[in-house]
Amino acid sequence: MGTEGSQVQSLPGMQVHPLKKNLYEVAIGPAHPGSGHMRILVRVEGDVMVEVDPDIGFVHRTMEKLSEGRDWMKNIPLFERMAILDACNVTLPYVEAVEKLLDVDPPERAKYLRTLLCEINRVASHLYGFGIFGVFLGHSTLYMWAFGDREVFVELAERLTGARLTHTYPMFGGVRRDMPDDFGQHVRKAAAYMRRRLDEYAKIFLLNPNIRSRLEGVGVVSKSRAVELGLAGPNVRASGVRYDVRLAEPYEAYDRVDFEIPIYEEGDSLARAWQRVEEIKQSLSIMEQAVDWLEKHPREGFVHEKFWKTAPPIYKKVYAGEVPYAGKYRVKMIPLYASLKVPAGRSFARTESAHGEITYYVESDGKDVPYRVRLVSGSYRNVIAFKYVMPGHRLADLPAIYGSFDYFPPEWDR
Amino acid sequence: MSTSAQGIVERLRSILGLAPEAPVEQLKGYVEVSVDPASLRDAAAKLKAAGFDHVKSVTAVDYPDKKQIKVIYHASSMLDESLSGYVVGLATSVDRDNPTVPSLSSIWVSAEFQEREMYEFFGVNFEGHPDLRPLLLTPDVAAQRPLRKDFKVVEEDDYLKSTYDEYTSTKRWV
C-alpha cells in the first residue's frame, strides 16, 4: 500500500496514509482541536486537494427518532440541544409548524419577543463562529475577543429567559415569559458596545494583511454554484444571492421591522466573514426596534388565549405584576402543554438561523407524540460545499474554507 | 395569501402539465404534488426548469399499515423571488419491502447527501445515485433501518451491568 521509502509524519488529529506515488490520504479529525466532531477525508496530490469527503455523524443523537416517542412539548428542549448557541432560532420552526397544525397564531407581543431573542442568538452565534474561525487561522486574539463579547449577548438572553443557552423560549402559541422592565436599556447598551467592537474586529482581523492573504480569493463559490449546491444562510448571501427567509417568507415580526439583507458578490472566504459582520449590524438594529416596540406597547398577553385561559388565576396576578413570584412577571408553565394533542396533518416551516435556513417537516396523526419530524439545518446544507468547493485548493487552505462556512457539527449530526 | 396560494397551485399544474384531477394539495406551509416513481425524474426536471433551483429537505415517512414509504423532496427557489416564498413537496410512494426511487441528485445536487441519509435510515434505494453509502451511521446500525416504525427504541434500565455477558445481551447491534 505504501510507497517505498516514503516517510510521512502524522500530526495529532491528522493521519496521513500514502496511497500511491504522490497521492496521499489525509484524515483530519474526528477530534480535531478546531473542527470539533467531524472528520474530513482528503486526498492530496502533492499538497493540492483532489478529493474531499466530509465524513460526518460523530455526534449523532438520533433526534428524529427520539422525537417520535416524546410529547409535543418535550421536543422543544430536545431540538435546541442541536445548536445550543442558537437555541431560539433552531426550535422556532418546530414551534411554528406545530402552531400551523393547531391553527394558533401567537399574539403580537409574543412575536416581537421571539424576534428579539432570535436576533440576540444570531449575534451570539456569529461571534462564536468568529471565535472558531480565529482558532483555525491561528489568530487567538479574535478567539478571545469574540468569545468574550459573545458573553454580552448570552447574558442578555439570560436576563430575558432565565437561561444562558438552552432557553426553551418559544412555546406553542407564545413564549415562556415576558421581558423584565429594564431590559430595553441593557439591549441598547449592548448594541452600542458591539457596534464599536465590530470596528475593532475589522482593524485587527478582517483588514489585517495576514488574514486577508489567507482568505481573499480562497474557497470562491459562484452565485450559480451556491444555488446549485443549495447552500444556506450567510454563505449563499456572500455569493451574491438575495435570499433570506426573513425576506422570502417573513415570520414573526420580521415584516414589521426595518432591516436590510446585506449581500457580497465575491463569494470567497473573506466575503463570508464580512457578511457576518454586516449581519450582526442588522441584528443589532432589529433588536433595538423590537425593544422599542415592546416598551411602547402594554403587556397584553405573551401566550395565545387558548393556552392562557387554562392558567390558574394566580398566574394572571403574577403576570399583571400584582404578586411577585421569583421576580416580576414570571409565570410558570401552563398546564395544558403537558397533555397537548395536535390535530392530524402535515406542515412545513422554515426560519433563518445563524448558520443558515432551518426547515422542519412535521406530521401528526392526532396523538400526543409526533408521527414524523424531519429537520434540516443550515450547517447540513453547507457541508456539501466541502466536497465540491475544496478540491483544487492547497491543504493549507482547508482551515480557512472550513472556518469561513461557520460549520457547526452538532447542528447537522443532531 | 389565499389567492396567491391558489395561484401557486395553478402554476404548478401548468409547469408539471398535470390533469385537473391530479393530486396537488395545499398543505400548511407547502404544496404537495404526488407523482408515481416512474415520472419522478421527469417532474423534477420540469420543476427545476421552471425555477425551483434547490432542494431544502428530503424526507421519507414510513407507513407500515399501508406497506408504503413516502419520499418527499421539498424544493424551492433562491434566484426567482416570485417563487422563493413557496415550498413545493414533490412526493412519491413506494413499496415498503422494496423501496426503490430514482435518484434526483443529478438534477438537484443539493439532494445528494440527504438521499444518502434516507438510504441509511429507511433503506430507500436511490437508483442512479453517484455515491450511495451511509452518511451519519455506521454500517451495522444503518442495516437496521432505525427510522422505520418497526425499529423500537428500547430504554436502558438504570442498573449497571455487572458481567460482560449481561452487557452484551442488552446491546442492540454488534
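**Helix packing in chain A**

The crossing of helix 4 and helix 5 of chain A is left-handed. By left-handed I mean that the near helix is turned anticlockwise from the far one by less than a right angle; clockwise would be right-handed. Helices are DSSP runs of H or I with at least four residues, strands are runs of E with at least two, and both are numbered from the N terminus.

Some ground rules. This is a predicted model, where local features need pLDDT of at least 70, side-chain atom pairs count only at pLDDT 80 or more, and totals for chains, interfaces and linings use all residues. Residues are numbered from 1 along each chain as its sequence is written, while chains are lettered from A and ligands numbered from 1 in the order in which they are written.

Back to that pair. The axes of helix 4 (residues 108-136) and helix 5 (residues 140-161) of chain A come within 8 Å and cross at roughly 160°. So helix 4 of chain A is roughly antiparallel to helix 5 of chain A. Roughly antiparallel means over 145 degrees. Axes are lines fitted to C-alpha atoms, for helices over the stretch in contact, with angles from 0 to 180 degrees between N-to-C directions. The contact of these two helices divides into 17 nonpolar, 5 polar and 2 charged residues. Nonpolar covers Ala, Val, Leu, Ile, Met, Phe, Trp, Tyr, Cys and Pro; charged covers Asp, Glu, Lys and Arg; the others, Gly among them, are polar.

Next pair. Helix 5 and helix 6 (residues 183-206) of chain A have axes that come within 11 Å and cross at roughly 170°. That makes helix 5 of chain A roughly antiparallel to helix 6 of chain A. This crossing of helix 5 and helix 6 of chain A is left-handed. On the helix 5 side, the residues in contact include A:W145, A:F153 and A:R159. On the helix 6 side, they include A:H186, A:Y193 and A:R197. Contact means C-beta atoms, placed from the backbone, within 7 Å.

Chain B has 5 helices and 7 strands. Of its 174 residues, 40% count as buried. Buried is 20 or more other C-beta atoms within 10 Å of a residue's own, exposed is 12 or fewer, partly exposed is in between, and C-beta atoms are placed from the backbone.

How many residues of chain B are in contact with chain A? It is 27, against 32 residues of chain A. Strand 3 of chain B gives the most to that side, with 6 residues.

Now the largest nonpolar core. It has 157 residues, and A:V98, B:V88 and B:L90 have the most contacts inside it. A nonpolar core is a set of buried Ala, Val, Leu, Ile, Met, Phe, Trp, Tyr and Cys residues joined through C-beta atoms within 7 Å. Helix 4 of chain A gives the largest share of this core, 15 residues. B:L90 touches residues including B:V33, B:L47, B:I72 and B:Y73.

**Two threonines**

A:T62 has phi near 50° and sits in the loop between strand 6 (48-55) and helix 1 (63-67) of chain A. A:T168 has phi near 45° and lies in the loop between helix 5 and strand 7 (170-171) of chain A.

Which is buried, and which partly exposed? A:T62 is partly exposed, because 16 C-beta neighbours lie inside 10 Å. A:T168 is buried, because its count is 21.

Conventions:
Two residues are in contact if their C-beta atoms, placed from the backbone, lie within 7 Å. Angles under 35 degrees count as roughly parallel, over 145 as roughly antiparallel, 65 to 115 as roughly perpendicular and the rest as oblique. Lists of a residue's contacts leave out its neighbours within four places in sequence.
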